Amino acid sequence: MIRLSIPLRQALARLSLPVMIALAFGTMLLGKADALLAERARVALADLLAPFYAAFAEPTRAVRDLVLEVPELLTLREENHRLREENERLRRWQAAALALETENAMLRRQLSFLPEQAPAFHTARVVADGGGVYARAVLIAVPPDVQIRRGQIALDERGFVGRVTEVGNRSARILLATDMNSRIPVTLESSRARAMMVGTNGARPRLQFWGEGARPVEGERLVTSAEGVAFPPNLPVGVVRWSEGGTAEVELFARLDRLDIVRLFDFGLGGILPPEAVARPELRGRR
Amino acid sequence: MVGRPEPSPGLLRRLEAMARAALPTLGAGLSMVLAAGPTGVPALAPAVTLPQVVFWSIFRPGAMPPVAVFLVGLLLDLLTLAPIGTGVMTLLVAHGLAVGWRRFLARQSFLFVWLAFCGFAAGAAALGYMLTALMAFDLPALAPATYQAALTAGLYPGFAYVLGKLHQMMVRAEESP
């Protein structure tokens, strides 16, 4: 250590703060004049500290996870209670469903009811969006050995998607329910009233032409109607939503904006077929 | 070094004295580096720096000389994305004021010192805001500065407790022959 006399040391100590403040001004000016210098210094420091942070990352994450878990643990009791209640409720529903099932089977036996056969379906991948004569249509890839017919009905895992309008050898086009040209006969599930679902090219088709006195209720479920022999009854379509403008719209169950796989059902119906875009003989008798 | 006896020339004692003198600065640097890490709390690095600088400036100015404050401020500016030099200037001003008032502040109760520190935090945030605005020729948002001042003031008691214990330990080590 350099030995300094006490007055000199005191003078230095008194001087160092102003000197440092002047240096700070200098640093500010330097940082302002040469922004790259500060950037380079920052990067060098970050390089230096990176291994340090890497070593600390694991314990930090552990602590943070622990902290995040605390509220979860606090609500665990409540959650358990809720789940138990829900379980209880679902059990009651299960009992009700089982009772109804047996009752249904009994009634069917009494009436010698002929059950409808389960419809056959093919699964196909959606390969392209849009295109063709329609604004809201998708193209699906079909293996050559699979027979697709116009008028077949496409559903995704949640609900109604659209109908097949054009069929090629390896592909088919599905007109989505949201297209302006789409008209789907639907039934309001609780009132059993008929209505028409009219596409608008928007995300939510409109509901029109319902019977007098059967105003659709917000949140009411819609299923397809068998009227017109184009659709089988009771396929899930969507729920009624009243828009702010006062029009009845349908929030579809199907997620049409992210279709990837659809099921094509052949119900053997051909009441009203969509018009052929390209003149082509209809394939008969091969469904 | 105010009121500190010159260490006897034994190597161990000298090392110990040096470690004691460097501890505040190193502690500040380490805590800043930790705070600047991925903690998820913005403005944590400046908020852990000011309490330490002000505490040591009040209670042990020998351990936090202006040079150390300058280095700590430079590290702070490099760790945060503030214009370089603003943190240095803010910390130096806070240090200067704290050293100037230390004879008065060191005799007050903890609550009063905390209250005074709240003033320091608000002043530092305001000065930092002004310097940033000056450097950028632009008015930055006011909310982060407010948040930083509140966080800094809120962190002080914890730092004061830990650093106070440390300070007592150092005093004891120095007084024992």
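For the complex, the predictor gives an ipTM of 0.77 and a pTM of 0.55. This is a predicted model, in which local features need pLDDT of at least 70 and side-chain atom pairs count only at pLDDT 80 or more, while totals for chains, interfaces and linings use all residues. Residues are numbered from 1 along each chain as its sequence is written, and chains are lettered from A and ligands numbered from 1 in the order in which they are written.

Next, show both chains and select the contact between them, where two residues are in contact if their C-beta atoms, placed from the backbone, lie within 7 Å. Chain B contributes 19 residues to this contact and chain A contributes 20 residues. On the side of chain B that touches chain A, the elements giving two or more residues are α3 (66-79) and α4 (86-100) of chain B, with helices (H or I, at least four residues) and strands (E, at least two) taken as DSSP runs, numbered from the N terminus. That side of chain B has 14 nonpolar, 5 polar and no charged residues, where Ala, Val, Leu, Ile, Met, Phe, Trp, Tyr, Cys and Pro count as nonpolar, Asp, Glu, Lys and Arg as charged, and the others, Gly among them, as polar.

Staying in chain B, select helix α1 (residues 11-36) together with α3(B): they pack at an angle of about 10°, with their axes 10 Å apart. Axes are lines fitted to C-alpha atoms, for helices over the stretch in contact, and angles run from 0 to 180 degrees between N-to-C directions. The two helices α1(B) and α3(B) are therefore roughly parallel to each other, a term used for angles under 35 degrees. Residues making this contact include Ala28(B) and Met32(B) of α1(B), and Val72(B) and Leu76(B) of α3(B).

Now move to chain A, where 6 strands close into a barrel in the order β1-β2-β5-β4-β3-β12, with antiparallel pairing; two strands pair if DSSP finds at least two bridges between them. Select β1 (residues 120-129) and β12 (residues 261-266) of chain A, which pair in the antiparallel sense over 6 bridges. Here Phe121(A) stands opposite Phe265(A) in β12(A), and Thr123(A) stands opposite Arg263(A).

How values were computed. Parallel < 35°, antiparallel > 145°, perpendicular 65-115°, else oblique.
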